[in-house]
Amino acid sequence: MAVKETGVSYYGLNYPEHAEKDFREMIQHNCNAVILALSEFDIDFWFPNIIKITKVAKDLGMKVYLDTWGIGKWFGGEPPSNFLTNNVKNRQVSAFTDEPLPAACFNTKAFRDYFYGICEKLATQVDADGFFWDEPHYALPKSYASITGGPGDDWACRCPICKKEFEELYGYEMPKILTKEVIEFRENVALDILVQASKRIKNIRPNSKITCCVHATINTYYVKENRGYDNWDKVAKSDVFDVFSTTILNYSLPRSYFKSITQRTVDTARKHDKEPQRWIMNYYNEPERLEEIKEIANLYKNMGVESLFAWTYRGGHGTVLAAPRALEMWDMLGEAYGEVLDEKYKIKL
């Protein structure tokens, strides 16, 4: 299969005329798509310009996807959450200590109404090509029991809402340990909010492409951390998702791990008739040889990846998470994209 889509995430967006210059630079680096990482503050404060910036990218021929970045601290991302600031309740709760955690419980009506409202607002008013669900996950409590690696690790969420719904479903009080039923409940609840949000988006914008990006792990690490999206088949088989994606891998990991994750990603996507997507790290951590970026991009291409994205634009230049050679890394990513992107999908300025 050919690589049809190459892109980067883009955040800190403010003015369309500045974004146009950045988008042109992305195209010169062989990107034909961009993921707009939108914080709750962006959506609240900069919304008129989100509409305009999306139009600028599309007028240049780029595909545009909206990333609900860090919303409720349930999705991945650094930005703070307005919802958490304004809600002392409706948070995930530690199973062991009952302490509220700095992440919204996506099983509460308050957060679901808030999140669905954001999705419907974006779908109605922003002419994007789709949405990107960015590393959704349960919070990991920071108690002593969370880092031992044993079967008694702490987990979330065991708030009153989750406990009530669990008891109604299974007929007994929600345990404090991760039984088979608790794991099943958590997976189903975690997936349900994304499914419902995706359905609402497609009711408004039927052609919207929905990408669900889960943590790139093999069987153990995040199962131990109990993130809730570890059952890839359960995620990928959902009819409302169009692209099955797995996250960035650190360059220090062996290439055999890159191959295993990519093969599993492609196999899972194909099994459920989804487009497979993989990611390249383009911030903070960099390989010893920047040419390794090309090698990884070609590995993904040769293994059947159709959509290839990198976090982030310009290697995070100017941020605390910038790669040591951020701009050089960005240029190397552009060369890598030039090698793997099918010629007929490249944008000509």
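The radius of gyration here is taken over C-alpha atoms, and the globule rule is 2.2 Å times the number of residues to the power 0.38. With 349 residues, that rule puts a compact globule near 20 Å, and the protein chain has 20 Å, so the two agree.

Now the ground rules. This is a predicted model: local features need pLDDT of at least 70, side-chain atom pairs count only at pLDDT 80 or more, and totals for chains, interfaces and linings use all residues. Residues are numbered from 1 along each chain as its sequence is written, and side-chain values use heavy atoms, with hydrogens and water left out.

Overall picture. The C-alpha trace spans about 60 × 45 × 40 Å along its principal axes. The protein chain holds 12 helices and 10 strands. Those are DSSP runs, numbered from the N terminus: helices are H or I with at least four residues, strands are E with at least two.

Next, burial. Of the 349 residues, 57% count as buried. Buried means under 20% relative accessible area, exposed means over 50%, and partly exposed is in between, with a 1.4 Å probe and protein chains only. The chain exposes about 15,000 Å², and carbon and sulfur atoms supply 51% of that. The areas come from the Shrake-Rupley method with a 1.4 Å probe.

Contacts. A contact means heavy atoms within 4.5 Å. Take the contacts between residues at least 6 apart in sequence: 76% of them join residues at least 24 apart.

On to charge. The chain has 44 positive and 49 negative side chains, and the centres of the two sets lie 2 Å apart. Lys and Arg count as positive, Asp and Glu as negative; His and the chain ends are not counted. The place of a charge is NZ of Lys, CZ of Arg, CG of Asp or CD of Glu.

How many salt bridges are there? The count comes to 24. The rule: a side-chain nitrogen of Lys or Arg within 4 Å of a carboxyl oxygen of Asp or Glu.

Some examples. Glu-275 pairs with Lys-209, with the closest N and O atoms 3.3 Å apart. Glu-275 sits in strand β9 (residues 275-281) and Lys-209 in strand β7 (residues 209-214), so this bridge ties together parts 66 residues apart in sequence. Glu-275 is buried at 16% relative accessible area. Lys-209 is partly exposed at 25%.

Next pair: Arg-255 and Glu-292, at 2.4 Å from N to O. Arg-255 is in helix α10 (residues 255-271) and Glu-292 in helix α11 (residues 292-302), so distant parts of the chain, 37 residues apart, are linked. Is Glu-292 buried or exposed? Buried, at 13% relative accessibility. Arg-255 is partly exposed, at 25%.

Two more. Glu-343 and Lys-346 meet in a salt bridge at 2.8 Å, N to O, and Lys-346 is buried at 15%. Lys-4, Arg-270 and Glu-306 are linked in a salt-bridge network.

Thr-268 lies in helix α10 and has 8% relative accessibility. Leaving out residues up to four places away in sequence, Thr-268 touches Trp-232, Asp-233, Ala-236 and Phe-244.

Val-235 lies in helix α9 (residues 232-236) and is buried at 2%. What does Val-235 contact, leaving aside neighbours within four places in sequence? Leu-191, Cys-212, Val-214, Tyr-229, Phe-241 and Phe-244. Val-235 and Leu-194 are 41 residues apart in sequence and 9.7 Å apart in space, C-alpha to C-alpha.
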